[in-house]
Amino acid sequence: MKFDFYLILSILCNLNEFSTSELKIILQASPSPDQILQPTPQNIRITIPRWTPSKYHSGRIADIVTDVYEKIDRALPGIYIYNSNLNPKNARSLNDLYVLVIVENSIRWYDINRRCNYSFSKPTITEEVYTHVENSFM
């Protein structure tokens with residue numbers, strides 16, 4: 001039996017709220033991330049290859065990047081969806097659906113149309129201190 005994770009996620013993300021255990025199940029069923037990135041605005045923007053200027057998008061791209069960055073920074077648990085062109089008048093219009101899932105220390109960004117996902121990992125205190133110390137001697 002084949003399981004299309006991205007199709008199921010695109011359906012699930014339209015439901016209202018999820019418990020922590022339900023979010024964990026989604027992450028457990030998720031394919032391995034294509035890349036593990038630091039959560040910077042530049043990296044978030046890289047994971048959004050196309051954003052239309054349509055009036056049917058979730059917001060301006062700069063606002064979306066800021067929103068995603070703030071949710072990751074605050075580690076706000078939940079599922080958040082972003083549409084590049086969800087045109088209710090034309091169901092055949094091209095819409096890129098992006099889904100952010102945050103639960104405990106796991107952060108995943110899904111590009112539904114391209115069937116890929118990214119993991120955002122915050123550096124630990126030790127990594128931050130090490131990087132700062134290493135950079136100060138260069």
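Predicted model: local features only at pLDDT ≥ 70, side-chain atom pairs only at ≥ 80, totals over all residues.
Which residues are buried in α4?

Residues are numbered from 1 along each chain as its sequence is written, and side-chain values use heavy atoms, with hydrogens and water left out.

Let me begin with the overall composition. The protein chain contains five helices and five strands, where helices (H or I, at least four residues) and strands (E, at least two) are DSSP runs numbered from the N terminus. Their order from the N terminus is α-α-β-α-α-β-β-β-β-α. Of the 138 residues in the protein chain, 39% are buried; buried denotes under 20% relative accessible area, exposed over 50%, and partly exposed in between, with a 1.4 Å probe and protein chains only. A contact is defined by heavy atoms within 4.5 Å. Among contacts in the protein chain between residues at least 6 apart in sequence, 60% join residues at least 24 apart.

I now return to the opening question. In α4, the buried residues are Ile-64, Val-65, Val-68, Lys-71 and Ile-72. Seen down the axis of α4, they fall within an arc of 130°, so they line one face of the helix; the arc is that of the directions from the helix axis to the C-beta atoms. These buried residues pack against α3 (41-46), β2, β3, β4 (106-111) and β5 (116-120). Helix α4 spans residues 61-74, 14 residues in total, and its first and last C-alpha atoms are 20 Å apart, close to the 20 Å expected at 1.5 Å a residue. That expected span is 1.5 Å times one less than the number of residues. Ala-75 follows α4 and has a positive phi, near 55°.

Next, the strands. Strand β4 is mostly covered, with five of its six residues buried. Strands β3 and β4 pair in the antiparallel sense over six bridges, pairing being assigned if DSSP finds at least two bridges between two strands. Tyr-110 in β4 is the bridge partner of Val-99, and Tyr-110 also stands opposite Asn-117 in β5. The pairing of β4 and β5 is antiparallel as well, over four bridges.

Both pairs form hairpins. Between β3 and β4 there are two residues, and Glu-104 in the turn has a positive phi of about 50°. Between β4 and β5 there are four residues, and Arg-115 takes a positive phi near 50°.

Finally, I turn to the loop between β2 (78-83) and β3 (97-103), which holds Asp-96. Ser-84 lies in the loop between β2 and β3 too. Are these residues buried or exposed? Asp-96 counts as buried because its relative accessibility is 0%, and Ser-84 is buried with a value of 0%. The side chains of Asp-96 and Arg-114 are joined by a polar contact of 3.3 Å. A polar contact is a pair of N or O atoms within 3.5 Å; within protein, one must be able to donate a hydrogen and the other to accept it, and residues adjacent in sequence count only if both atoms are side-chain atoms. Leaving aside residues up to four places away in sequence, Asp-96 touches Arg-50, Tyr-82, Asn-83, Ser-84, Asn-113 and Arg-114. With neighbours within four places set aside, the contacts of Ser-84 include Arg-50, Trp-51, His-57 and Asp-96.
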